[in-house]
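Please look over the sequence and structure below. A short report on the fold follows, starting from a local detail.

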Amino acid sequence: MANLSTEEVLQPGLHSRVMAALGLQEPAGKGLPGLTAVYAAWCRNVPFDNVRKMNVLGEGGTPSLPGRTAEEFFENWLAHGTGATCWPASNALYVLLRTLGFDARRVAGNMRDLGKTTHASVIVSIDGAEWLVDASLQTLQPIPLRRELYASSRSEEHTSELQSHLNLVCRLLL
């Protein structure tokens with residue numbers, strides 16, 4: 001990933017176009033209702049896909065993977081409707097949330113598959129509580145992170161189960 005400052009924000013023109021494409025006006029504050037509105041709009045409008053990544057990898061050579069900056073991610077999403085995999089999508093979501101004034105931070109971990117750091121996500125702090133907003137899992141609602149939590153979400157398309165003790169365990173069944 002590009003070296004990004006924690007103060008990176010979207011430029012006003014791009015920010016306005018992203019908010020319009022998400023169908024949002026500025027969220028009502030930096031609390032949970034505002035975060036929920038932004039994250040639900042993200043989940044409904046921004047796909048989790050590897051289209052651009054596969055195109056670049058198919059070209060051969062040593063490519064620079066697409067979506068390295070939030071600006072590039074959003075410009076391609078606005079122009080072509082493409083999303084990305086977890087690393088660039090999480091970065092874009094993080095920068096959008098920071099632009100909106102949320103106390104967001106990037107996190108990385110594994111999905112208990114390879115034992116290596118293979119997944120990126122975003123955690124937002126609100127009034128001393130932490131909330132997971134994962135650009136890949138697309139749970140529609142922020143997931144509260146605390147020691148004793150088990151939540152399950154089912155729809156026709158997928159089932160998501162999240163469990164948080166000291167570690168977050170995510171399983172997505174397609």
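## A polar contact at Thr 139

In this predicted model, a polar atom of the Thr 139 side chain sits 2.8 Å from the backbone oxygen of Gln 141. Thr 139 belongs to the loop that links S3 and S4. Is Thr 139 buried or exposed? Its relative accessible area is 12%. The cut-off for buried is under 20%, so Thr 139 counts as buried.

## The sheet

S3 and S4 are also members of an open sheet. Its four strands run in the order S1-S2-S3-S4, and the pairing is antiparallel. Which strands stand at the edges? They are S1, residues 103-109, and S4, residues 143-145. Each has a single partner strand, so one side of each lacks a neighbour in the sheet. On average, neighbouring strands are turned by 35° against each other, direction ignored.

S2 covers residues 119-126. Seven bridges join S1 and S2 in the antiparallel sense. Within this pairing, Arg 105 has Ile 123 of S2 as its bridge partner.

## Helices on the sheet

Helix H2, residues 32-45, packs on the sheet. H2 touches S2 and S3, the latter spanning 129-133. The direction of H2 makes about 10° with that of S3.

Helix H5 is formed by residues 86-99. H5 lies across S1, S2 and S3. Its angle to S2 is about 20°.

H1 runs over residues 12-22. Which of its residues are buried? They are Leu 14, His 15, Val 18, Met 19 and Leu 22. Viewed down the helix axis, these residues fall within an arc of 135°, so they line one face of H1. The general rule behind such a pattern is simple: an α-helix has 3.6 residues a turn, so residues three or four places apart point the same way. The cover over the buried residues of H1 includes H2, H4 (70-80) and H5.

The face turned away from the buried side carries Pro 12 and Ala 20, both exposed. Pro 12 has a relative accessible area of 58%. The cut-off for exposed is over 50%, so Pro 12 qualifies. Pro 12 and Thr 99 are 87 residues apart along the chain, yet their C-alpha atoms are separated by 9.2 Å. Just after H1 comes Gly 23, with a positive phi of about 75°.

## Cysteines

Cys 43 has a relative accessible area of 10% and is buried. Cys 86 is buried too, at 7%. How many disulfides are there? A disulfide requires a pair of cysteine sulfur atoms within 2.5 Å, and the count by this rule is zero.

## The chain as a whole

The protein chain holds five helices and seven strands. Along the sequence, the pattern reads α-α-α-α-α-β-β-β-β-β-β-β. The chain has 174 residues, and 42% of them are buried. Consider the contacts between residues at least 6 apart in sequence: 49% of these join residues at least 24 apart.

Note on methods. Residues numbered from 1 in each chain as written. Predicted model: local features only at pLDDT ≥ 70, side-chain atom pairs only at ≥ 80, totals over all residues. Heavy atoms only, no water. Pairing = 2+ DSSP bridges. Helix = DSSP H or I, 4+ residues; strand = E, 2+ residues; numbered from the N terminus. Axes fitted to C-alpha atoms, helices over the stretch in contact; angles between N-to-C directions. Contact = heavy atoms within 4.5 Å. Buried < 20%, exposed > 50% of the residue type's maximum accessible area, 1.4 Å probe, protein only. Polar contact = N/O pair within 3.5 Å; in protein donor to acceptor, adjacent residues only side chain to side chain. Arc of directions from axis to C-beta.
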